[in-house]
Amino acid sequence: MNQTDLSRLRDGERARVTGIAGAGDMGRRLRDMGLVRGTQVECLLHSPFGDPAAYRIRGAVVALRREDSRRVQAVLL
């Protein structure tokens, strides 16, 4: 298994969420977006300067800043 976080995904790569690091408002917000254990995520593209990046999560496209995507632990598929 290649453990990583969403900020390290390259365009076109997929991963499965294993957990969210940290609690608080942002952790809850990420879980509310559907980023829970077992969810498959695909990195669609990064902005020209690399931040934010667009991810497909449960059929929706969501933009996350690098600092927020680092909280989402995942394994590469």
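Guide: Let's start with T4, whose bridge partner in β6 is A74. Before we go on, this is a predicted model: local features need pLDDT of at least 70, side-chain atom pairs count only at pLDDT 80 or more, and totals for chains, interfaces and linings use all residues. Residues are numbered from 1 along each chain as its sequence is written, and side-chain values use heavy atoms, with hydrogens and water left out.

T4 belongs to strand β1, residues 3-5. Strands here are DSSP runs of E with at least two residues, helices are runs of H or I with at least four, and both are numbered from the N terminus. Is T4 buried or exposed? T4 is buried, with a relative accessible area of 12%. That word means under 20% relative accessible area, while exposed means over 50% and partly exposed lies in between, using a 1.4 Å probe and protein chains only. Leaving out residues up to four places away in sequence, T4 touches V72, Q73, A74 and L76; a contact means heavy atoms within 4.5 Å.

Now follow A74 across to another strand: V17 also stands opposite A74 in β6. Q73, which T4 touches, stands opposite G19. β1 and β6 pair in the antiparallel sense over three bridges, and β2 and β6, antiparallel too, are joined by five bridges. Two strands count as paired if DSSP finds at least two bridges between them.

Zoom out, and you find an open sheet of six strands, ordered β1-β6-β2-β3-β4-β5, with antiparallel pairing. β1 and β5 stand at the edges with a single partner strand each, so one side of each has no neighbour in the sheet. On average, neighbouring strands of this sheet are turned by 40° against each other, direction ignored. For that angle, axes are lines fitted to C-alpha atoms (for helices, over the stretch in contact), and angles run from 0 to 180 degrees between N-to-C directions.

β6 has a helix against it as well. The buried residues of α1 pack against β6 (72-76), as well as β2 (14-20), β5 (60-64) and α2 (66-69). In α1, residues 24-32, the buried ones are M26, G27 and L30. They cover an arc of only 100° around the axis, which puts them on the same side of α1; the arc is that of the directions from the helix axis to the C-beta atoms. An α-helix has 3.6 residues a turn, so residues three or four places apart point the same way. On the other side of α1, D25, R29 and D32 are exposed. After α1 comes G34, with a positive phi near 105°.

Finally, the whole protein. Along the sequence, the pattern reads β-β-α-β-β-β-α-β. The radius of gyration is 11 Å, close to the 11 Å that the globule rule gives for 77 residues, so the protein is as compact as a globular protein of that length. That radius is taken over C-alpha atoms, and the rule is 2.2 Å times the number of residues to the power 0.38. T4, where we began, is buried, and buried residues make up 38% of the 77 residues.
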